[in-house]
Amino acid sequence: AIRSKRKGSGLTIYYRNHIDFNKNECLTTRNTYFEALGGQLTTNSNSFQIIVMYRYNNQSISKFSNAFFSFIDKIGNKPTLICGDFNIDMFQSDTKDHTNELCNTFIGKGFVPLISKATRVTNNTETSIDNYWVNTLDTNMFSRVLDSSISDHFPILANIPITMDTPSYDNNVNETKCVEGLDISDENIS
């Protein structure tokens, strides 16, 4: 792991077996402020970049923003979905300068958020720290926050329509593949 004396962490992208997805090393990084795993989903008629990220909670938000937006400048104008745990409460964009700056920078780069509800709820707080940001919109695009006790964060999902040839039916269509940003071993499992 990047942080000294900490085990674990890691990012994974799951996708259907019949989808062409390639990890892109230019969209994959780990540094002091965040880790990101990215790649490109390709169909016969278009492509879509996907970046999953996690911001380390104890790091400077200002320094994270500088490093993160320098990193995402690599994507150019390609259709992109950025998702993950930002550990920054988007509900506080009116009251916290760093949150407002983060939102304004995303919007200035052509991204809009898909999540507007609480993604983490405790007895004392409701925060929106997990999100999807996209730089392309479609009328059939939607997102959801699932009410589940699987974790202290609610699962979020997004439906991003892409043009795909319908695969011929076979028993493997519903199988999934995954791209992992971290090798799983005894050294990095808590």
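Visitor: Which residues lie nearest the centre of the second largest pocket?
Guide: Asn-57, Asn-87, Ile-88, Asp-89 and Ile-129 do, among the 16 residues that line this pocket. On a 1 Å grid over the protein atoms alone, a pocket is an open set of points where a 1.4 Å probe fits, with protein on both sides within 12 Å along at least five of seven lines, and a lining residue has an atom within 4 Å of a point. This is a predicted model, in which local features need pLDDT of at least 70 and side-chain atom pairs 80 or more, while totals for chains, interfaces and linings use all residues. Residues are numbered from 1 along each chain as its sequence is written, and side-chain values use heavy atoms, without hydrogens and water.

Visitor: Where is Asn-87?
Guide: Asn-87 is in the loop between strand 6 (80–85) and helix 2 (97–108). Helices (H or I, at least four residues) and strands (E, at least two) are DSSP runs, numbered from the N terminus.

Visitor: Is it buried or exposed?
Guide: Asn-87 counts as buried, because its relative accessibility is 15%. Buried means under 20%, exposed over 50%, and partly exposed in between, with a 1.4 Å probe and protein chains only.

Visitor: What about its phi?
Guide: Asn-87 is not a glycine, yet its phi is positive, at about 50 degrees. Most residues other than glycine have a negative phi.

Visitor: Next topic: which residues of helix 1 are buried?
Guide: They are Ile-61, Phe-64, Ser-65, Phe-68, Phe-69, Phe-71 and Ile-72. These residues cover an arc of only 150 degrees around the axis, so they are on the same side of helix 1.

Note on methods
The arc is that of the directions from the helix axis to the C-beta atoms.
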